[in-house]
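Me: I would like to learn how to read cavities, pockets and strand pairing in a model. Please take one feature at a time.

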Amino acid sequence: MKAATPRPSVRALSSKRSYRAARFVSRTSNARSSITADTNTLLHQTPQPKKPLTTSPLAKLPLSSVLRSLIILSASSSSILLKPCIYTLSLLAHPKTALLDVAKNPLLNLIIKHTIYKQFNAGENKLEVQRSISAIKELGYRGVLLGYAREVLVGESNADPRDEKASRQEIQTWLDGTLQTVDMAQEGDFVALKFTGMGVQALEYLQNQAMPSKFMDEAIKQICDLAISRNVRLLVDAEEQAVQPGIEEWATKYQKYCNSRTPGRAIFYNTYQAYLCSTPATLAKHLEISRKEGYTLGVKLVRGAYLKTEPRHLIWAKKEQTDECYDGVVEALLTRKYNHMLKSASAEHTTDLPPVNVIVATHNRESVRKAHALRLEQAKRGETSDVELSYAQLQGMADEISCELLQGFQAAESEKKVSETPNVYKLLTWGSVKECMGFLLRRAVENTEAVGRTKQSQEAMFAELKRRARVAFARKN
């Protein structure tokens, strides 16, 4: 007599699908023993946790943003179209006729504002800017680095720096605009300061490495005081080497003024350009000054934006050397340990860095990944880092890197593996369309040195558009 088939347990009955499968296959008597074994295996198998669904990093962007980015990046990454685009922007930034002046030609103003201006800028007034900031934060970003567009570039003004009345008017205009910027920013955001925006007199002071006048000093301190009261951070942009040494002197002065009032946290940041051979030594010197003065140094690290105009001997001979400098400095800052790239400027302190806060401001995917991987490793080892780290990319550029960083964090959190939260910011400028033309021209010129990187962003946007088309087509069918 054949042995009776074991009756399914109570646990088996809890799975309707497995139970029905067992009943179906039990009808084949000569396969009964193997079926029973297979059924028991299914019934007693430990349920596996579902893997989190992965989505495209760019899925969170509005379709209008993807389309606009695709068009602009396609032109920027084309060796044929880029030069005509730069020429056109140059004409618009320095118009010789009313027809080409965006402040006098309403139709031209409308076209520029809803295309390239909207891609990179926040708006022309407080309402538009705050809408842009809210939209960015809704995408998951921590906040913004907001800058006022007004600036005076070396050699571009014919005003007399010794005209005290005119100079004070320029400084006051810059002050009013910068105070507005701080007022527009929200708690925890950054506001970018461009000292050359104060006008030709400030430009002359910076070129001669002279400290700011009393009127300039009072204006800058007024901005610092408002930022501290609103818990908004300030950062000074790096500029051309004709004025950069002067900027560094001013930045050191106001770092002490601000950061000594906020123990353990930097309110005022300086910008360092990794493509300069002197950057590691300059940063090391500033670290020792902050150690002696007892404040936290604020460091924003970029690769550099004036490659076309800087004296070539000041810059690393190869791009790989710039990359090595950038990544080596970031590693030293995040671990607070001097290394082969960032060496101490003090014979007394050769191992540990003083307190520092860092902004990794780059569109280079590998540098972002290395910095984030380092922080994840620190978190996995249970290390509590006292280095406040933020990431920043320009609004309208490298969105795939920014979104990928946000998505990487979300996936890691869903798996409960790490607790490192990336603070990702978008850098954008506000001002009238006319005021922002110089900024937009610089962005285009920068792309002549980064066509390959821009091409990657363009390809990422195109891939995202195709993905959305496939999803829409699948839903219809």
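Me: Which elements each supply at least two residues of the lining of the largest cavity?

Reply: Rolling a probe the size of a water molecule over the atoms shows where empty space is left. A cavity is a set of points on a 1 Å grid over the protein atoms alone where a 1.4 Å probe fits but cannot get out, and lining residues have an atom within 4 Å of a point. Helices (H or I, at least four residues) and strands (E, at least two) are DSSP runs, numbered from the N terminus. Here α11 and β5 each supply at least two lining residues, and α11 gives the most, with four. This is a predicted model, where local features need pLDDT of at least 70 and side-chain atom pairs count only at pLDDT 80 or more, while totals for chains, interfaces and linings use all residues. Residues are numbered from 1 along each chain as its sequence is written, and side-chain values use heavy atoms, with hydrogens and water left out.

Me: What is the volume of the largest cavity, and which residues line it?

Reply: A volume is the space filled by probe spheres set on the grid points, which are joined across faces, edges and corners. The largest cavity has about 40 Å³, and the structure holds two cavities of 30 Å³ or more. Its lining includes E248, T252, N270 and H286.

Me: Which strands pair with β4?

Reply: Two strands pair if DSSP finds at least two bridges between them. Strand β3 (residues 190–193) runs parallel to β4, joined by four bridges; V191 has L234 as its bridge partner. Three bridges join β4 to β5 (residues 268–273), also in parallel, and L235 stands opposite Y269.

Me: Are the faces of β4 buried or exposed?

Reply: Buried means under 20% relative accessible area, exposed over 50%, and partly exposed in between (1.4 Å probe, protein chains only). In β4, R233 and L235 on one side and L234 and V236 on the other are all buried.

Me: How much space lies in the second largest pocket?

Reply: A pocket is an open set of points with protein on both sides within 12 Å along at least five of seven lines. The second largest pocket holds about 580 Å³. Of its 26 lining residues, the closest to its centre are R68, K118, S132, A135 and Q395.
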